[in-house]
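The following account leads the reader through one structure, from the chain as a whole to single residues. Please keep the sequence and the model in view while reading.

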Amino acid sequence: MAQDMLLDDEEPSNNKETILQQFCLQAKNATGAALLDVIKQVLDAPNVFVFGELLAEPNVAELKDGPHAKYYNTLNLFAYGTYKQFRAQQQDYIELTPAMQKKLQHLTIVSLAIKSKSIPYAILLNELEIDNVRHLEDIIIEAIYADIIHGKLFQNTRILEVDYAQGRDIPPGYTGKIVETLQAWVNSCDSVSNCIDMQIKYANGEKAKRLYNKERIEQELINLKKVLKSQASDSDESMQVDTHGPGTSGSSSMSQSEVRKKPSKMKNPRSSAVGLKFSK
């Protein structure tokens, strides 16, 4: 079982799994020196970088407490450990060939790449116990050609940027930590989901308030238009009453009657003077 960090759309080669299955079949039917030889072969094989299935074989697991415990320890180291661990306790492991040491260094790079996408040269030099940058870059390039990591080397900044790293075996008892990590992730997702739900409810509430206010304002505008229309109608009726009302009509009639009454008969001056007598 392997732990992968896929940062691109790359997939590990199925050919590696097929080779490991062949070694597992050999180990299942091997005992004694033949079994030890299978372990050496799998540690030397250039295309095998996971070993959990081989460690799970009963006859391999029996080596743990026997006289050949170093073989089991070495296989366990390649499955879960790093080059620095090997250097710190070399007495617990079998003697590694140059090819085995280089593979363990490649696996160490994989472990670092799983933890971080950007790895400074300083960390790599320390973990691989290398004091030459050119040598370090050669090992990284070899790991890239082995298809266990994909990335770019930035020589100016001395950083390895990882795009993909093949997974390594999961140590026994580590499953519980994985479950805890996944549970913490689930809890975090639930918290985010609850927060989003609260934001949605708040947004919906604000939307409902805005719609209510909009409808209320529109209704008030309608009522105001009705009031203004009603007032305008009353004003028109009042103006009509003032123009054609009784007072005005009576005044007009009186003025006409007065006009009729103005003409009158005037006495002829001559007629009035007829009765006058003059004497000398």
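Two residues are in contact when heavy atoms of theirs lie within 4.5 Å. In that sense L75 touches I39, V42, L43, F51, L54, L55 and V60, leaving out residues up to four places away in sequence. The structure is a predicted model, in which local features need pLDDT of at least 70 and side-chain atom pairs count only at pLDDT 80 or more, while totals for chains, interfaces and linings use all residues. Residues are numbered from 1 along each chain as its sequence is written, and side-chain values use heavy atoms, with hydrogens and water left out.

The chain has 280 residues, and 27% of them are buried; buried means under 20% relative accessible area, exposed over 50%, and partly exposed in between, for a 1.4 Å probe and protein chains only. Its secondary structure comprises twelve helices and four strands. These elements are DSSP runs numbered from the N terminus, with helices (H or I) of at least four residues and strands (E) of at least two. Of the contacts with a separation of 6 or more, 61% join residues 24 or more positions apart.

The largest nonpolar core has 53 residues, and L43, F51, L75, L124 and I149 have the most contacts inside it. Such a core is a set of buried Ala, Val, Leu, Ile, Met, Phe, Trp, Tyr and Cys residues joined through side-chain atoms within 4.5 Å. Helix α7 provides the largest share of this core, seven residues.

F51 is placed in the loop between α2 and α3 (52-55). With a relative accessibility of 0%, F51 counts as buried. Beyond its neighbours within four places in sequence, F51 is in contact with V42, L43, L75, F78, A79, K103, L107 and D169. The C-alpha atoms of F51 and A79 are 5.2 Å apart, although 28 residues separate the two along the chain.

How do the helices meet? The axes of helix α2 (residues 32-44) and helix α7 (residues 98-115) come within 8 Å and cross at roughly 55°. Axes here are lines fitted to C-alpha atoms, for helices over the stretch in contact, and angles run from 0 to 180 degrees between N-to-C directions.

H106 is buried, with a relative accessible area of 8%. Not counting residues up to four places away in sequence, H106 touches I139, E142, A143 and I148.

Two loop residues deserve a separate look. Most residues other than glycine have a negative phi. E129, in the loop between α8 (121-128) and α9, has a positive phi near 55°. R158, in the loop between β3 (149-154) and β4 (159-169), has a positive phi of about 55°. E129 is partly exposed at 38% relative accessibility, and R158 is partly exposed at 46%.
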